[in-house]
Amino acid sequence: MRTQPQASHFIDGAYVEDAAGAPLAVLNPATGDTIARLHEATPAIIDRALASAARAQVAWAALRPVERARILRRASDIIRDRNADLSLLETLDTGKPIQETEVADWPSGADALEYYAGLAPSVTGETVPLGPDFAYSIREPLGVCVGIGAWNYPSQIACWKAAPALAMGNAMVFKPSETTPLGALKLADILMEAGAPAGIFNVVQGMGAVGAALVTDPRVAKVSLTGSVPTGRKVYAAAAEGIRHVTMELGGKSPLIVFADADLDSAVGAAMLGNFYSSGQICSNGTRVFVHRDVKEDFLSRLKARAEAIVMGDPTDPATQMGPLVSAAQHEKVTAYVARAKAEGARLVTGGGSEGLFVQPTVFADVTDTMTLACEEVFGPVMAVLDFDIEEEVIARANATEFGLAAGVFTADITRAHRVVARLQAGTVWINAYNLTPVESSFGGVKLSGVGRENGKAAIEHYTQLKSVYVGMGPVDAPY
Ligand code: NDP
């Protein structure tokens with residue numbers, strides 16, 4: 001498959017190159033091979049992308065919503081038709097196994113385009129009766145939005161940001177993570193093929209500095225970032241300078257609570273999905289697995305057997321269940337956390353080994369709340385199992401973190417499930433499930449895990465603003 005794109009950037013409906021930008025090599029993490037060579041965006045490229053988006057947005061917003069929707073719907077159909085090729089490219093760019101990318105990455109991006117296409121024509125304002133006078137509201141687009149993506153779900157993130165933004169009449173300039181820059185270019189290309197006007201979705205490549213230049217440009221009305229908390233702080237502060245709208249999808253250290261009456265096989269399966277899928281590189285992962293002491297050893301023995309059966313290897317092989325980490329830097333970070341967990345006295349149940357950029361599915365038991373493994377986001381296939389005895393205690397411990405992205409509860413007692421969920425500090429909570437993020441349901445964090453929501457009807461509000469129009473129906477009654 002051809003992995004080298006026609007050029008580094010996509011602006012105003014076409015691939016654009018500017019060799020003056022610093023070179024960026026794109027590596028396949030499974031082999032170390034260079035699969036593409038790009039250039040970072042220069043200030044001239046950033047300016048072109050923003051100018052084109054600002055120009056295109058006006059006419060795009062003036063279309064009937066049903067016309068915009070038709071284009072997004074076509075783009076989602078093209079993605080589904082080409083899912084095999086797009087998924088292979090995603091696998092080469094990220095190292096994630098093809099059996100995952102074919103069902104989870106581009107397909108969920110296509111879902112987002114289809115969902116917001118369906119929603120767009122029914123987004124309306126309201127009328128407010130005021131006696132003889134009345135007011136009405138108009139839900140308007142914000143203008144030019146900037147999307148900045150992380151490397152773990154590069155194409156899904158691009159679609160999750162582009163779909164609601166474009167559906168509501170905004171234009172977007174998107175900067176993918178420099179580690180995984182290929183999918184966003186494909187999305188830009190596909191949107192044009194689907195009939196989108198040039199300029200409404202532009203892609204510029206580069207490191208953090210390119211993102212920072214986009215965030216502070218006066219033409220930008222909104223910034224949506226998926227990334228880490230430290231980056232989120234910087235981007236939020238920079239956006240605040242111009243009182244810009246923001247959506248921040250940041251990191252987590254989410255609790256998954258397994259009560260003694262839970263269906264243990266399902267709980268084990270969910271804990272594995274919530275720690276090993278995408279080699280553990282998922283923001284909403286349930287990385288603190290609290291298991292009731294009565295079932296802990298049973299849980300651990302079932303978990304160990306299933307974790308040791310995971311097939312690691314070439315991510316392009318459909319039989320492979322787990323690939324490498326995305327980069328050498330991420331590998332170094334994750335293996336350091338494994339070493340630290342051992343040094344701090346956690347019990348290694350399985351895994352812990354590493355070869356190339358691959359890290360075995362790893363489980364530590366007897367983890368305590370103050371160990372580094374229970375406090376910091378690892379972003380790798382490393383599960384921490386903690387014990388608990390009573391409900392009240394586990395709720396307090398689950399909430400004792402600065403993060404609040406997600407949480408999970410496994411129990412057969414529906415009363416307890418809802419009682420516990422009501423008290424968990426998290427943007428998304430699963431009962432007897434984990435890490436399912438359908439586009440129909442909103443997703444986002446509380447506390448340091450973020451502000452704003454992606455997906456669901458909630459995202460509409462984050463890509464629009466309300467204008468209130470007061471209509472006077474009679475003579476003006478002035479006291480002067
Ligand atoms: P980073 O925060 O390092 O980077 C995120 C993006 O921001 C990248 O494109 C990066 O560019 C860019 N960036 C870095 N500095 C700046 C800056 N000053 N101004 C503007 N943009 C900047 O995150 P990672 O890419 O390492 O992704 C992993 C993190 O993302 C994890 O912490 C994870 O929890 C979080 N995440 C959150 C999700 C959520 O929805 N809540 C989902 C997925 C991941 P570059 O890296 O190219 O230099």
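Okay, one definition before we start: by a pocket I mean an open set of grid points, on a 1 Å grid over the protein atoms alone, where a 1.4 Å probe fits and there's protein on both sides within 12 Å along at least five of seven lines. Keep in mind that what you see is a predicted model.

So, where does the ligand sit? The space it takes is the largest pocket. The elements that give two or more residues to the shell around the ligand are helix H8, 208–215, strand E10, 220–226, and helix H9, 229–241.

How many residues surround the ligand? It's 29, and the closest are Ser228, Thr231, Leu250, Cys283 and Glu377. By type, that shell splits into 13 nonpolar, 11 polar and 5 charged residues.

Now the polar side of things. Ser228 puts a polar side-chain atom 2.6 Å from a ligand oxygen. Thr231 also has a polar side-chain atom by a ligand oxygen, at 2.7 Å. With Glu178 it's the backbone: an N or O atom there lies 2.7 Å from an oxygen of the ligand.

Searching the whole structure turns up 26 of them. One of them pairs Arg80 with Asp111, with the closest N and O atoms 3.1 Å apart. Arg80 is in helix H2, residues 65–81, and Asp111 is in helix H5, residues 106–119, so this pair ties together parts that are 31 residues apart in sequence.

Technical notes
Residues numbered from 1 in each chain as written. Predicted model: local features only at pLDDT ≥ 70, side-chain atom pairs only at ≥ 80, totals over all residues. Heavy atoms only, no water. Near = heavy atom within 4 Å. Polar contact = N/O pair within 3.5 Å; in protein donor to acceptor, adjacent residues only side chain to side chain. 1 Å grid on protein atoms, 1.4 Å probe; cavity = no way out; pocket = protein on both sides within 12 Å on 5 of 7 lines; lining within 4 Å. Sits in = over half its atoms within 2 Å of the grid points. Helix = DSSP H or I, 4+ residues; strand = E, 2+ residues; numbered from the N terminus. Nonpolar A, V, L, I, M, F, W, Y, C, P; charged D, E, K, R; others polar. Salt bridge = Lys/Arg side-chain N within 4 Å of Asp/Glu carboxyl O.
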